[in-house]
Amino acid sequence: MDNERQPVTALVRQLEAVEVLVEKREYLKAKAELAELVNTFRPVPHTAEWAHLSYLEALVGQAVGDFAWARQKAAEAYEFFKNTGEHRHTAQIQYVFGLIETAQGNLKEAEQQLKEAVFGFRRAADLAGAVDALSRLARVYCIIFDFQRACEVLAEGMELAHRLGDARRTAWLGANEGRILLLLGDWNTAIERFNTARSSDLEQGDDLNLSKDLLSLGYAYLCKGDYAVAERYLNEAYAKIIASSAMWELGIWYEYAGELKAVRGDYEGAEELYLKGVELSERIAPESALVSQTYRLYAELMVLRNDFERARRFAQTAYAVATRLGERIEIGALLRVFGRTTAAAGDFVESRRYFTESIALLKDLKVRRELFLTYLEAIQSGSFSLEEVAGFLARAVRLAEGLKSGRMVKEAQKAAARVFEARGALDLALGVWVGMKTDTEAESKILELEEKLAARATSSENEYRLFRLVTSDPTGEEAFKKGDIEGLLRFLEKKTGTSRVALLAQKSRDEKTSFWGLGIDEKEVGEKVLNPETSELKSEKPALFIGGEEKVASFITVPFQPSGYRYAVLFLERGPASERPVFLEKEFCFAVAFADLAAFKLLEKDHAELAATTQKLLSQLEESAVFPNIITRSEGMQRTLSRLEQVKDSDLPILLEGETGTGKDLLAKAIHYSSTRKKGHFVAVNCAALPESILESELFGHKKGAFTGALADKIGLLEEADGGTLYLDEVAEIPLSMQVKLLRILEEKEFFRLGETRPRKIDIRIISATNRDVKAQVSAGLFRKDLYYRLNTINVTLPPLRERREDISLLVDYLLKRAAEQAHRPVPTLSPEVLRFLFAYDYPGNVRELANELSRLVALAPPSGVATKEILSEKFFPRPTGSSLDWDGSLEERVCLFEKEEIVRALESARFVKAQAARILGVPVSTLRYKMEKYGIADTE
């Protein structure tokens with residue numbers, strides 16, 4: 001018996017020795033040892049020793065990237081342990097499965113396996129194992145960018161580590177949290193976490209984890225722009241990495257050290273490090289994030305060196321790996337690289353698409369540094385208009401200020417100033433440099449730009465000179481003042497001495513071409529300037545053609561592109577019988593310059609047409625948004641309307657209260673368009689939708705230079721509403737600091753623009769609205785009492801739809817016809833059952849909810865045109881047996897129904913304000929949104 005047991009005991013001791021190697025991360029040595037053990041002991045299948053060996057083979061296999069072998073061995077071990085009651089061993093194997101699925105990008109499976117591993121470790125009272133599994137689970141959530149859940153899982157792991165008294169694991173988890181904060185741009189807090197982990201790993205003598213801490217610290221200081229400190233930490237990390245033979249960490253070091261050299265301008269040094277990183281990552285993990293990140297950094301270096309072809313190739317390699325792994329941050333950064341390479345190739349349309357996709361993705365992920373870099377690249381790409389560049393600059397500066405990085409603010413400002421200057425917008429460049437007066441380079445640049453502007457004003461570049469030439473001639477002045485395009489062409493005809501002149505313009509492919517011609521028809525012009533196959537311009541540059549046809553001696557084409565137009569082109573032609581058949585250079589130059597006037601007159605014509613359309617729409621709005629057109633037969637509503645009719649022309653503030661969807665917006669418009677102020681603007685402000693900093697600028701406006709990014713004076717909404725009505729929707733959401741300024745406006749009818757010291761007088765009427773109990777907010781100190789009484793001079797509370805059911809039939813008729821008209825579909829017939837359900841429902845979302853339901857019925861109505869109850873929303877039907885507790889369904893079905901009931905109850909209690917409902921339920925807002933979508937709960941907020 002002892003002789004039979006001896007080999008088994010020896011095998012167990014050897015397996016324990018392999019576990020020590022695994023703990024030290026000496027995976028290749030552990031793999032060789034395991035192979036030797038299989039050959040030496042040949043363990044009997046389906047025994048505990050055999051299963052333990054299989055588990056270690058799986059653990060080592062996934063560590064060295066042999067996932068197929070690792071999966072096979074893990075499955076063998078799991079089949080043995082799952083029926084033995086060995087919860088710890090089962091959890092260990094599920095943990096390995098989680099590592100395998102994570103590495104191969106199967107994140108749903110990885111999440112499930114790691115959750116089960118956590119449960120198994122807890123059941124086996126192995127808290128250390130549970131902490132490790134939670135750490136890996138947080139990594140999965142980071143990959144899918146659910147940072148909130150990642151932090152929640154890390155917090156759970158820290159709690160267990162504290163209970164264990166395991167300072168080492170606590171520090172590891174803190175470092176993992178730091179890496180999340182680093183992605184989100186909270187660099188200082190991340191550095192605190194890394195330093196805590198570093199102290200712990202120093203105390204434990206754990207060189208491998210210490211190298212990770214040092215790498216993270218180096219990268220954090222690199223992001224902050226403190227390159228000297230970053231270099232010191234990266235040098236320390238390199239020493240530890242070499243001592244530990246940590247190949248993966250060495251690959252990361254090549255990335256960070258290369259990026260540091262690149263930002264310092266040492267492109268050759270950076271390329272050398274990236275080459276080593278690519279070689280190493282291709283060897284140890286060819287399908288990993290290490291490969292995609294190194295290739296992406298290499299591509300960005302090639303962009304800096306203007307080697308756009310290599311940049312494109314490296315970016316394509318990185319994109320393929322990142323897409324397979326689902327690395328959305330890397331994908332967003334690579335779209336940025338594609339934006340620069342396509343711009344360099346002259347394909348600005350494709351470049352804009354790449355940058356737009358990159359911005360949208362990185363915004364969604366909330367990774368501020370990468371988003372800043374995308375704005376910076378977009379500014380320099382040449383793919384965007386100067387107005388768009390100014391917008392990108394403002395957003396980049398806001399991001400940099402949020403990251404507390406003055407270096408990044410200056411980097412964005414200088415990049416934009418260089419672009420403005422290179423593209424001739426000297427005034428915009430000057431404005432940026434003026435805002436950077438503290439920069440050492442600013443003073444000399446301001447003087448240089450002022451001299452350039454003065455020189456341009458006295459040169460032939462001054463665009464007003466052509467205007468003076470035109471208006472100094474009686475013919476040109478008359479044509480210019482009248483806005484007559486044909487008259488302007490006659491002036492061009494006179495100045496160039498030709499009788500065949502035309503202007504051809506098209507806004508889009510779907511619109512008819514506009515044509516004005518003297519002595520020539522549209523077909524003749526089209527044959528010479530348009531490609532017959534594509535209907536595109538034959539040339540996008542001004543051109544002078546001589547000869548080539550019997551009837552034509554020479555002709556000029558001057559393409560240009562006014563705002564909102566696909567193309568426009570001036571055409572001038574001379575025949576061989578002309579006194580002077582060939583155009584002179586000065587006539588060609590005059591025609592090119594004249595295109596600016598033609599563009600101006602085209603836009604003037606469009607503006608006149610737009611103004612006429614706007615006036616027509618305004619008249620229609622005035623006709624519809626007045627008291628007689630508000631649909632109601634409710635006595636209470638009619639009394640309210642009668643009361644408001646009496647005060648419509650006064651300047652007294654009005655406060656409209658009532659639930660969401662009761663028609664406060666419509667009533668505010670009715671007051672305005674029925675009053676003597678209807679010729680003024682009706683300006684609506686959603687106070688809940690704007691952050692405090694933006695709300696102040698939007699309301700009051702600002703002076704040029706009032707803050708970073710204020711490149712010009714801006715009129716605020718208060719001035720926009722001067723002579724009209726200012727409608728403050730969700731007024732209860734205004735911050736207390738803003739309430740004081742609003743009170744001044746009500747009392748003194750004046751305000752200050754940001755950055756100004758001179759008050760501005762205004763004449764406005766204020767109507768405000770809220771779905772909250774403002775009195776309760778006053779009592780709670782959330783709303784100023786004096787402001788409440790000023791706004792509440794005239795108070796109107798709109799009843800919910802459930803309290804005026806007599807209006808439902810009227811509203812159904814009106815809203816159904818309107819929905820059908822908007823959808824360009826016939827008005828469906830509502831079956832009696834549908835009408836019964838519509839009349840019986842309580843409508844927590846009021847009229848807005850009814851309108852949404854009728855739009856839905858129009859969209860889903862069958863070809864027969866009869867809408868039956870089958871296409872009504874589920875909310876109109878009673879629950880199975882009245883209560884989730886009474887319903888005889890499965891446990892899962894009853895739990896789901898109970899959860900849905902509680903969510904609906906909380907939403908109704910919070911008047912469908914999701915943030916408040918989430919607080920009632922004790923869950924994050926993101927979880928509430930997910931559950932609402934899952935259970936089909938209508939969003940009537």
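Residues are numbered from 1 along each chain as its sequence is written. In this predicted model local features need pLDDT of at least 70 and side-chain atom pairs count only at pLDDT 80 or more, while totals for chains, interfaces and linings use all residues; side-chain values use heavy atoms, with hydrogens and water left out.

**Overall architecture**

- The protein has 41 helices and 16 strands, taken as DSSP runs numbered from the N terminus (helices H or I, at least four residues; strands E, at least two).
- The C-alpha trace spans about 120 × 80 × 65 Å along its principal axes.
- Of the 941 residues, 48% count as buried (buried is under 20% relative accessible area, exposed over 50%, partly exposed in between; 1.4 Å probe, protein chains only).
- Among contacts with a separation of 6 or more, 61% come from residues 24 or more positions apart, where contact means heavy atoms within 4.5 Å.

**Aromatic pairs**

- Rings of Phe, Tyr and Trp (its six-membered ring) pair if their centres lie within 6.5 Å; planes under 30 degrees apart count as stacked, over 60 as edge-to-face and the rest as tilted.
- By this rule the protein holds 24 aromatic pairs.
- Tyrosine 274 and tyrosine 298 form a tilted pair, because their ring centres are 6.1 Å apart and their planes stand at 45°.
- This pair joins distant parts of the chain, with tyrosine 274 in helix H14 (residues 267-284) and tyrosine 298 in helix H15 (residues 289-304), 24 residues apart.
- Tyrosine 274 is buried at a relative accessible area of 2%, and tyrosine 298 is likewise buried at 2%.
- The rings of tyrosine 843 and phenylalanine 876 have centres 6.2 Å apart and planes at 70°, so this pair is edge-to-face.
- Tyrosine 843 lies in the loop between helix H37 (832-840) and helix H38 (846-860), and phenylalanine 876 in the loop between strand E16 (866-867) and helix H39 (891-909); the two residues are 33 residues apart.
- Tyrosine 843 is buried, with a relative accessible area of 0%, as is phenylalanine 876, with 7%.
- One aromatic cluster consists of Tyr274, Tyr295, Tyr298 and Phe314.

**Charges over rings**

- Arginine 353 lies over the face of tyrosine 354, 4.7 Å from the ring centre (NZ of Lys or CZ of Arg within 6 Å of the ring centre and within 35 degrees of the ring normal).
- Arginine 836 lies over the face of phenylalanine 837, at 4.9 Å from the ring centre.

**Packing of H36 and H38**

- Helix H36 (residues 808-823) packs against H38 at an angle of about 50°, with the axes 9 Å apart; axes are lines fitted to C-alpha atoms over the stretch in contact, and angles run from 0 to 180 degrees between N-to-C directions.
- H36 is therefore oblique to H38 (under 35 degrees is roughly parallel, over 145 roughly antiparallel, 65 to 115 roughly perpendicular, the rest oblique).
- The residues of H36 that meet H38 include Leu811, Leu815 and Ala819, and those of H38 include Val847, Leu850 and Leu854.

**Individual residues**

- Arginine 677 is placed in the loop between helix H30 (664-673) and strand E7 (682-686) and is buried, with a relative accessible area of 8%.
- Leaving aside neighbours within four places in sequence, the contacts of arginine 677 include Asp651, His672, Thr725 and Asp763.
- Aspartate 307 sits in the loop between H15 and helix H16 (308-325) and is partly exposed, at 24% relative accessible area.
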